[in-house]
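This report concerns the arrangement of domains in a protein chain and the side-chain pairs that link its parts. The sequence and the structure are shown first.

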Amino acid sequence: MVFVMDHCKTGVYDNALAQIRKAYKFIEIDENTVKLLESPKEIFMASLAVRMDNGKINVFPAIRVHHNDILGPTKGGIRFHPDVHADEVKALSFWMTFKCAIANIPFGGAKGGVAVNPKSLSLRELEHVSRAYMEAMADFIGPDKDIPAPDVYTNETIMGWMMDEYNQITRKQNPAVITGKPINLGGSQGRRVATALGGYYVFRELVKELGLDKNITIAIQGFGNAGKNMAKFLHEEGYKVVAVSDSHGAAYKKDGLDITSIAKAKDARVKGMPSKISLCDHCEGATEMTNDTLLELDVDVLIPAALENQITKENANNIKAKMIIELANGPTTKEADEILKKKGVTVVPDILANSGGVIVSYFEWVQNKYGMYWTEDDVFKKLEEKMMTSFSQVFHSMKKHKVSMRTAAYLVGLKRIKEAIEAKGGHEWLSK
Ligand code: NAD
């Protein structure tokens, strides 16, 4: 078997570095800090040997990256996807470092993944892959060391299995070792919808700033935890979601889709498994199209909520939306970013737009450590406060430096990280 993790290059990490390099010239930052931020602290790789239902053993490459822990224990999701590789996970961990810094929560950045197609597994096999991941990575994970959470094709059931595995290994109850777990195992109220709700708060503020009204049209790529819940919030608030998509394809309806019934159909699945249902089969009166066509629709707002590298130099010129809310991590390449800027498209960057997930994960960790649990109303109120603070700091930085919202967001995060690195003792100490 080829161990794909270590030599595949997707350009995603280069993309992440290109983003932060635009921010350096607006802030006094020394070369040592730059070196620390541009290199992940630790990378762990493993081959997960799992006995399949047919009795044979399959081996799945797995990875966990700790990017930077200056602000606290590292935090980041675990992705199960056939295309997972080191370059991508490094970038995702890098974005987590900045996301936590912008949200001003005491975590560093991490990410993990397994190169596996979970849709091809039985529920038993999925549980074994999940437990094998925790068994392989348990030494590098812990409530005060590195705290995983769900990401693409992982979910609260998987987080529950992983927490149980960790507890068996350590012979202790450690609810704070993982977030996004089931509520009856110590999960937080509101975590399920937190990424989308945080994105919705940012959308709401930006709509106000740009003076847009309720008649705007919205297209969403990806209909999982992030995309589906965002579609639901927008639909409930009376906005017109005209297009949605999943890995099978996209559906478009000029007058707006019935998001409630599409979501209901998509959710009819085996608990714990990713949905294999195609949403196109449940969009009455809609036109079917490809994911690529959805991105280029004549809409006001585009919300990528699936994978990286979706808006590229090939299609950026054809994007018609005036506003892009990046619920997915890394959906826009560096070349596309430049094209969108020239076109005057407002892009709300991933490190701000999707930070609601890690914010409520932080709340879950706090509740686990404290042993006291909050109501959903408490969680939403605290999330709204945090999102509004981050949004206004980024917006202020954008106006002050006359930069894109992405560079402005990096500047907010970079300031906190740099000050923490310097507070631990920096170059001035050596030069004295
Ligand atoms: P998910 O597994 O719940 O859903 C993924 C969705 O993307 C599914 O609808 C799937 O059909 C669709 N998809 C997969 N491949 C696709 C393709 N090639 N084209 C179009 N759609 C495709 O995952 P999620 O948690 O919603 O994550 C989506 C994005 O949001 C990822 O970039 C993730 O890193 C980011 N994110 C998620 C969270 C969270 O809390 N879940 C937090 C922050 C960021």
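Predicted model: local features only at pLDDT ≥ 70, side-chain atom pairs only at ≥ 80, totals over all residues.

## Elements on the domain 1 side

Seen from domain 1, the elements that each give two or more residues to the side touching domain 2 are the helices α1 (12-24), α2 (31-38), α3 (86-103), α4 (123-137) and α5 (156-170), together with the strands β3 (74-81) and β5 (146-150). Helix α3 supplies the largest share of that side, with 12 residues. Sorted by class, the side of domain 1 that touches domain 2 comprises 35 nonpolar, 14 polar and 13 charged residues.

## Domain division and buried area

The chain is divided into domain 1, made up of residues 2-17 + 28-187, and domain 2, covering residues 188-432. Taken over C-alpha atoms, the centres of the two domains are 21 Å apart. Contacts between them involve 62 residues of domain 1 and 52 residues of domain 2.

About 4700 Å² is buried between domain 1 and domain 2, and carbon and sulfur atoms give 62% of this area. Within domain 1, the residues that lose the most area to domain 2 are Lys-99, Ile-102 and Lys-119, which together account for 16% of what that side buries.

## Salt bridges

Side chains of opposite charge can pair when their charged atoms come close. The structure holds 27 salt bridges, and the count between domain 1 and domain 2 is 4.

Glu-308 and Arg-79 form a salt bridge through their side chains, at 2.6 Å from N to O. This pair links distant parts of the chain, 229 residues apart: Glu-308 lies in the loop between β10 (301-304) and β11 (323-325), whereas Arg-79 belongs to strand β3. A salt bridge also joins the side chains of Glu-156 and Arg-192, with an N to O distance of 2.9 Å.

## Aromatic pairs

A search of the whole structure finds 14 aromatic pairs. One of them is formed by Phe-107 and Tyr-362 in an edge-to-face arrangement, with 5.7 Å centre to centre and 90° between the planes. Phe-107 is placed in the loop between α3 and β4 (108-115) and Tyr-362 in helix α12 (residues 356-370), so this pair ties together parts that are 255 residues apart in sequence.

How values were computed. Residues numbered from 1 in each chain as written. Heavy atoms only, no water. Domains from an automatic or database assignment. Contact = heavy atoms within 4.5 Å. Buried area = accessible area lost by both parts, 1.4 Å probe. Helix = DSSP H or I, 4+ residues; strand = E, 2+ residues; numbered from the N terminus. Nonpolar A, V, L, I, M, F, W, Y, C, P; charged D, E, K, R; others polar. Phe/Tyr/Trp six-rings, centres within 6.5 Å; stacked < 30°, edge-to-face > 60°.
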